[in-house]
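Look at the structure first, then read the points below.

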Amino acid sequence: MQVRREAGLRYAVMSDVGKRKQNEDAYFAGRMSGHHLFAVADGLGGHASGEVASRMAVEILAETAGRDLPGNDPGEMLIRAFEQINAVIFEYNKDNALNAGTTLSAAVVDESGRCWVGTVGDSRTYIFTPTSSWHTRDQTYVQGLVESGVISPAEAMLHPRKNVLTQALGLSARVQVDLDIVELAGGVLLLSSDGLHDHVPESVIRGIVLDRDPDAACRRLIDSARDAASTDNATVIVARA
């Protein structure tokens, strides 16, 4: 558990191995160049060196943000960082005859509460307020079924192919990065790997993060994933003003 308060923003991080032999999730949570940077990466299970790919992702992201955030648009920085991460892992795979890959969702928050969010794969960033819920779009086969009206979001949680990604970092020369710009002011920010949100309904997640301080929320989210019989690694970052 990592808990901090920086410039009025309180946040906590917790990562749990679940019932896996190792934790292939990686995260970053910190402040740089007048912004907060949060990220969760999930190395692809079944792919060689998934834990290496997720760690590379957050390290390259932090290096790029530290170098490029001052004086540059946070959204453009995120796109550059994701593209560099993809290129580095792709070359690593070619050099080592591997197929390491990772998801990544990353949020840059400025002093006003404006939030730039970049996502590849199915790790998520959420913003919850007492009256609204928002989260990033999963780049998955099942999300395509939901958007086309073939299945409902509730059915998606039980679909046998819910973990089939349409995008991931490191597995091809090009990658599609989804970029969102949203407002955090008055809300609670949550980043999670799919070990949480593939098993715990959004309504439950929302209640937990709105009703608790960040550290207590992280603990309860991890406990909820375990209670829901998640066997996957689960990582959560909760931040609020």
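The model is predicted. In the largest pocket, the lining is made up of nine nonpolar, four polar and six charged residues. Elsewhere in this briefing, the subject is the salt bridges, of which a search of the whole structure finds 11.

**The largest pocket**

- The volume of the largest pocket is about 350 Å³.
- Its lining consists of 19 residues. Those that lie nearest the centre are Arg124, Asp138, Pro153, Ala156 and Met157.
- Strand E7 (124–129), helix H3 (141–147) and helix H4 (153–156) are the elements that each give two or more residues to this lining.

**Arg10 and Asp213**

- Arg10 and Asp213 form a salt bridge through their side chains, with an N to O distance of 3.2 Å.
- Asp213 has a relative accessible area of 43% and is partly exposed.

**Asp16 and Arg226**

- A salt bridge also joins Arg226 to Asp16, and their closest N and O atoms are 2.7 Å apart.
- Because Arg226 is in helix H7 and Asp16 is in strand E2, this pair ties together parts that are 210 residues apart in sequence.
- Is Asp16 buried or exposed? Asp16 counts as buried, because its relative accessibility is 12% and the cut-off for buried is under 20%.
- Arg226, in contrast, is partly exposed, with a relative accessible area of 46%.

**Arg31 and Glu111**

- In the salt bridge between Glu111 and Arg31, the closest N and O atoms are 2.3 Å apart.
- This pair links distant parts of the chain, 80 residues apart. Glu111 is in the loop between strand E5 (102–109) and strand E6 (114–120), and Arg31 is in strand E3 (residues 25–32).
- Glu111 counts as exposed because its relative accessibility is 52% and exposed means over 50%.
- Arg31 counts as partly exposed, at 33% relative accessibility.

Definitions and conventions
Residues numbered from 1 in each chain as written. Predicted model: local features only at pLDDT ≥ 70, side-chain atom pairs only at ≥ 80, totals over all residues. Heavy atoms only, no water. 1 Å grid on protein atoms, 1.4 Å probe; cavity = no way out; pocket = protein on both sides within 12 Å on 5 of 7 lines; lining within 4 Å. Points joined across faces, edges and corners; volume = space filled by probe spheres on them. Helix = DSSP H or I, 4+ residues; strand = E, 2+ residues; numbered from the N terminus. Nonpolar A, V, L, I, M, F, W, Y, C, P; charged D, E, K, R; others polar. Salt bridge = Lys/Arg side-chain N within 4 Å of Asp/Glu carboxyl O. Buried < 20%, exposed > 50% of the residue type's maximum accessible area, 1.4 Å probe, protein only.
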